[in-house]
Amino acid sequence: MKYIFILFLGLVAISMTGPIDNDLNLKSTSETEPSEVIAKKVDSLLAIMTLEEKIGQMNQYNGFWNVTGPAPENGDAAKKYEHLKKGYVGSMLNVRGVKEVRAVQKIAVEETRLGIPLIIGFDAIHGYKTTSPIPLAESASWDMEAIRLAAEVTAKEAAASGINWTFAPMVDISRDARWGRVMEGGGEDPYLGSKIAEARVKGFQGDDLSNIYTIAACAKHFAGYGFAEAGRDYNTVDVGTSTLYNVILPPFKAAKEAGVRTFMNSFNDLNGIPATGDKFLQRDILKGEWGFTGFVVSDWGSMREMIPHGYAKDGKHAAELAAIAGSDMDMESYLYVEHLANLVREKKVDESLIDDSVRRILTLKYELGLFDDPYKYCDETREKEVINSKENHDAVLDVAKKSIVLLKNDNNMLPLKKSGQKIALIGALASDKNSPLGSWRIAADDNTAISVLEGMQAYKGNELTFAKGADVSVGKTQFVFETKINTTDRSGFDEAIEAAKKADKVVMVLGEVGFQSGEGRSRANLDLPGVQQDLLEAVHKVNPNIVLVLNNGRPLVLNWAHENIPAIVEGWHLGSQAGHAIAQVLYGDYNPSGKLPMSFPRSVGQVPIYYNHKNTGRPTIPAPNLVFWTHYIDEDNSPLYPFGHGLSYTNFKYEDLQVTNNYRVSGEVKVSVNLTNSGNVEGKEVVQLYTRDLFASVTRPVKELKGFELVSLKPGESKIIEFTLTQAELGFYNNKGEFVVERGEFEVFVGGSSATTNKNSFEL
Ligand code: NOJ
């Protein structure tokens with residue numbers, strides 16, 4: 001029914017355009033054109049386009065054009081070039097830098113019949129040249145303004161480099177640390193994930209898309225990609241309705257509500273249908289129920305991948321399925337450009353669907369101001385000024401500090417004293433200037449991050465000795481190459497042990513190299529890769545005063561470290577300024593306030609592990625020695641570090657958890673708590689509110705995050721923190737996909753992590 005409705009709308013819009021006006025003003029005239037004005041222009045343009053030109057707008061090619069040389073060399077590139085000149089390309093990705101962008105844009109604008117500008121897409125995921133922390137790290141800040149700002153910096157630099165559109169934010173929820181792309185998302189929780197989605201969309205797009213410093217964002221991967229079976233990238237996804245509606249879809253909806261202009265569908269098969277060919281997701285939910293007016297781009301080659309999925313019989317069939325399902329733009333499958341015109345002529349795909357897609361794509365090009373000035377993002381002077389500016393580096397340093405999570409700090413081992421100490425800094429990652437740039441850093445120059453060694457060297461008061469200990473990886477670790485882990489070479493151990501023996505304190509930087517997480521980087525083991533665990537234990541034997549600084553793109557299994565190492569700092573891959581951020585935290589110039597956005601398991605066997613699990617019918621031991629309850633015989637159920645966990649150099653006390661239940665009068669339940677900084681230094685705390693709906697028509701999780709606030713307090717200071725719960729926080733999606741609020745008993749918890757037991761209750 002909804003599908004028919006969309007078709008109908010498409011037809012009405014076409015008939016409203018009337019006869020073709022040959023004196024069309026295809027240019028947008030002002031910076032902030034109202035949507036009706038843009039809609040008229042789009043319709044007028046659509047009316048003079050041939051079917052092939054329309055389909056061309058739905059075709060996206062990867063960059064091929066070497067601006068320093070003449071014609072492309074191989075056949076494929078020659079074809080792309082020919083298509084570009086004919087107006088059969090609507091968008092390109094991976095063309096970057098003002099010079100390159102201008103070259104391809106010139107062809108589109110000056111050599112094609114209608115001169116429609118290209119929209120230039122790029123994976124500016126966590127920074128461009130100036131790199132911010134990986135998104136999982138940023139999410140640990142729980143600081144929406146910091147996250148927004150990081151996206152703004154990314155947008156500014158990408159836009160200055162000719163780019164108009166980023167393939168971010170990735171809003172896929174994941175509960176599986178084996179999946180390498182957890183580094184690119186907001187973690188395991190749909191509520192936090194939704195707030196982050198909103199912040200990142202606002203950061204990229206700003207309030208005015210036509211501004212030269214903003215770019216269009218893309219919520220990806222629609223949908224379910226983070227639930228790949230066994231955490232193996234691209235694997236099958238099979239989830240129930242409740243998980244789809246309550247966990248997977250909310251951050252996408254939040255991105256849509258924040259105004260995101262594009263979506264990307266995903267590689268995976270969701271409940272038997274490859275997402276690219278999924279009409280239910282794209283037409284019924286996204287464009288139908290949610291009223292999304294932007295466009296959907298496929299993921300790279302995902303249209304063609306419907307053939308090996310066993311869903312499409314050949315390329316032509318895949319194009320048909322994708323167009324009908326609502327995939328508006330084909331990224332690198334070459335199927336629309338090859339088959340769509342014939343499919344329309346054969347009446348297998350209705351032309352109104354093509355018009356609908358093209359209308360969406362052209363609308364965004366108008367909104368970006370590309371019709372006004374196709375070269376508006378192409379200014380060499382601006383490119384030089386904006387990229388790698390001091391202001392951008394200051395901003396990413398700030399976000400990096402906010403992203404650090406203090407996992408453990410026995411006997412106030414941290415912060416380190418600033419003078420009179422002998423410090424041994426150990427670990428190849430400590431001097432690594434590449435890994436902190438993370439996995440999605442295709443625009444960043446190699447080895448440009450501040451290493452931990454450099455960050456520590458900025459503090460002159462102590463005697464600092466560095467020993468590598470052991471390489472984490474050997475061989476090439478570039479984006480396209482396999483990362484080979486060192487599992488044999490221990491030749492640097494002795495030097496590290498000697499350094500540790502002489503030191504008062506040892507700082508060990510261990511974890512994953514930057515390319516060990518990210519796309520195609522799933523892991524079956526979550527330990528410290530290679531010989532690092534051996535190095536840690538060898539150093540510990542001679543000096544147990546160790547601060548372990550982790551550099552990683554996913555939760556790791558750290559049981560031994562947790563039991564034996566007094567202080568553990570989660571330092572992720574923190575971007576261009578990583579080393580300064582970590583050193584400032586280690587020396588106490590910044591008091592950490594990050595909280596984990598994903599649970600850290602005790603064992604890979606616990607994965608998927610997440611705080612908002614269901615209770616089951618057998619949650620507790622029925623009697624001593626009885627086996628019949630939900631548990632492992634060789635491991636605890638709980639994670640090592642729960643979602644929301646993170647310490648500070650001060651302490652916080654939660655008291656007086658109050659509930660004022662006015663739900664039946666005003667539709668609101670107010671919850672308050674008195675928070676006190678009971679330690680000796682100023683600090684920030686993320687106050688977290690969780691609810692539990694004790695019984696419902698669909699079983700609900702044991703806890704669900706429904707509010708949080710980042711609060712800064714001076715030593716001894718107290719503050720009453722208030723939350724308001726409304727239908728939005730108290731309801732859930734039932735198995736028909738309807739949002740419902742059901743009467744009954746609720747528990748409410750407020751504390752400093754998802755493990756809090758500080759609770760009260762109320763009844764709706
Ligand atoms: C494949 C990835 O899944 C997607 O996230 C990315 O945007 C595209 N490649 C383009 O690089």
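Author: We start with the ligand and then turn to a sheet. This is a predicted model, where local features need pLDDT of at least 70, side-chain atom pairs count only at pLDDT 80 or more, and totals for chains, interfaces and linings use all residues. Residues are numbered from 1 along each chain as its sequence is written, and side-chain values use heavy atoms, with hydrogens and water left out.

Reader: Which residues surround the ligand?

Author: A residue is near a molecule if one of its heavy atoms lies within 4 Å of it. Here the ligand is surrounded by residues including Leu-93, Phe-167, Trp-300 and Glu-519.

Reader: How many residues of each class are in the shell around the ligand?

Author: Ala, Val, Leu, Ile, Met, Phe, Trp, Tyr, Cys and Pro count as nonpolar, Asp, Glu, Lys and Arg as charged, and the others, Gly among them, as polar. The shell has six nonpolar, one polar and five charged residues.

Reader: How far from an oxygen atom of the ligand is a polar side-chain atom of Asp-299?

Author: A polar contact is a pair of N or O atoms within 3.5 Å. For Asp-299 the distance is 2.5 Å. Arg-181 has a polar side-chain atom 2.6 Å from a ligand oxygen, and His-221 also has one at 2.6 Å.

Reader: What is the order of strands in the open sheet?

Author: Strands are DSSP runs (E, at least two residues), numbered from the N terminus. Two strands pair if DSSP finds at least two bridges between them. The five strands run S4-S3-S2-S1-S10, with parallel pairing. S4 (165-166) and S10 (330-331) each have a single partner strand, so one side of each lacks a neighbour in the sheet.

Notes
A polar contact is a pair of N or O atoms within 3.5 Å; within protein, one must be able to donate a hydrogen and the other to accept it, and residues adjacent in sequence count only if both atoms are side-chain atoms. Helices (H or I, at least four residues) and strands (E, at least two) are DSSP runs, numbered from the N terminus.
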